[in-house]
Amino acid sequence: MPPAEPRSLSSLRAGVVGTGFVGVVHVHALRLLGVDVAGVVGSSPERAAAKGIAPVYDSLEELLADPSVDVVHLTTPNHLHHPQSKQVLEAGKHLVCEKPLAMTSEESAELVSVAESSGLVHCTNFNLRFFPLVHESRARIATGELGEIWNVHGGYLQDWLLYPTDWNWRLELEKGGALRAIGDIGSHWMDMAQFVSGQRIVEVCADLHTTIPVRRRPVGEVETFASADDVEREDAPMATEDLGHVLVRFDGGARGAFKVSQGAAGRKNFLHFEVDGSESALAWNAERHEELWLGRRDEPNELLQRNGALMQPSAAAHTFLPAGHAEGWVDTFRELYRSVYTAVAAGAPPEEPDYPTFLDGHRANVLGDAIAVSNAERRWVEVPT
Ligand code: SOE
């Protein structure tokens, strides 16, 4: 039989599980791409309906039984990623799962094996790689423009958990996992640093710290980035880190360091990196993501404003508005899904996926394990390959 014709993106249908802060963003980004959202599943049908964003399925089982749904997005709390991913893959649906992929690297390894043997498209939602100037950074480094890569450094700082009264499910060990700031935002930094530099992190030396050992937990649920004033509260001892510093070594010889904090006053979503090479350097940050700094020794530095006409083809392919007409954070989801849904439309994952797969999600879990051991034992730890 001749191979099936690729389908168009607009003929594909998605179901989104989780209707919190990021679930709503998945729905929005899919619509920007022209993908039909068949429906959503919330923590209860009433809660999902109250969001008013899409038709509501009563349960994940009901969504999986809908033969018109091609791809399922999991945006549920971390502890549900492993069991729900298995359920989705066993039902034969392509899968996009939020990070961290699983609570432990044993679980994420199992997911890689189930996903790989399924023949289905699988993606870990490292959307931040899809800022156009992040792709531009990777492309410039790959051409050798920076020379030998010596130093990859930066961090990810936020302030939404600055006060003891700030609360979210990520603070609960059994829902969020044993690593909090590292799992939630450090995983993005490490994914980005490796994506941009083209080198893998192979050794880590970490110092993690819980700056607020006891929080005041509201009796009831609070959505990510939401404020909860005037509610009844109780003491909640904290077992996960608010702050972390990590030294890293890369397989290509580069050295680096990053810090993460969810209590850095004034920093809303300050993901940043700088790469120093033997010829030149570059730097980018997510709060000024339309600009890429190019550092030179013997010529003036440059600030490249996002502009498809002046960018490398692999980066220009992920930017659409003319320069000066700002694109944003939601567009990174849309561009990630463009790559993922192109694979779905073709019917199977490509040889070399141009989007982060479950293998990338698993690598983040393995890096997290090494960071936890390093912190506990106060020493350098090799990352298993
Ligand atoms: C909260 O820290 C959060 O929403 C992360 O979970 C996302 O991955 C990051 O992109 C923005 O901040």
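User: Hi! How much area is buried between domain 1 and domain 2?
Analyst: About 1,400 Å² in this predicted model. Carbon and sulfur atoms give 59% of that area.

User: Which residues of domain 1 lose the most area to domain 2?
Analyst: Those are Phe 21, Phe 126 and Leu 128. Together they make up 42% of what the domain 1 side buries.

User: What about salt bridges, how many between the domains?
Analyst: The count is one salt bridge between domain 1 and domain 2.

User: Which residue does Lys 99 form a salt bridge with?
Analyst: Lys 99 pairs with Asp 184, and their closest N and O atoms are 2.9 Å apart.

User: How many residue pairs are in polar contact across the interface?
Analyst: Four residue pairs, with both partners at pLDDT 80 or more.

User: New topic: how many cavities of 30 Å³ or more turn up in the whole structure?
Analyst: The search finds one. The largest cavity holds about 40 Å³ of space.

User: Which residues line the largest cavity?
Analyst: The lining consists of Asn 78, Pro 100, Arg 170, Gly 176, Leu 179, Arg 180, Gly 183 and Asp 184. Asp 184 is also the salt-bridge partner of Lys 99.

User: What classes do those lining residues fall into?
Analyst: Two are nonpolar, three polar and three charged.

Notes:
Residues are numbered from 1 along each chain as its sequence is written. This is a predicted model: local features need pLDDT of at least 70, side-chain atom pairs count only at pLDDT 80 or more; totals for chains, interfaces and linings use all residues. Side-chain values use heavy atoms; hydrogens and water are left out. Buried area is the accessible area (1.4 Å probe) that two parts lose on being put together, summed over both. A salt bridge is a side-chain nitrogen of Lys or Arg within 4 Å of a carboxyl oxygen of Asp or Glu. A polar contact is a pair of N or O atoms within 3.5 Å; within protein, one must be able to donate a hydrogen and the other to accept it, and residues adjacent in sequence count only if both atoms are side-chain atoms. On a 1 Å grid over the protein atoms alone, a cavity is a set of points where a 1.4 Å probe fits but cannot get out, and a pocket is an open set with protein on both sides within 12 Å along at least five of seven lines; lining residues have an atom within 4 Å of a point. Grid points are joined across faces, edges and corners, and a volume is the space filled by probe spheres set on the points. Ala, Val, Leu, Ile, Met, Phe, Trp, Tyr, Cys and Pro count as nonpolar, Asp, Glu, Lys and Arg as charged, and the others, Gly among them, as polar.
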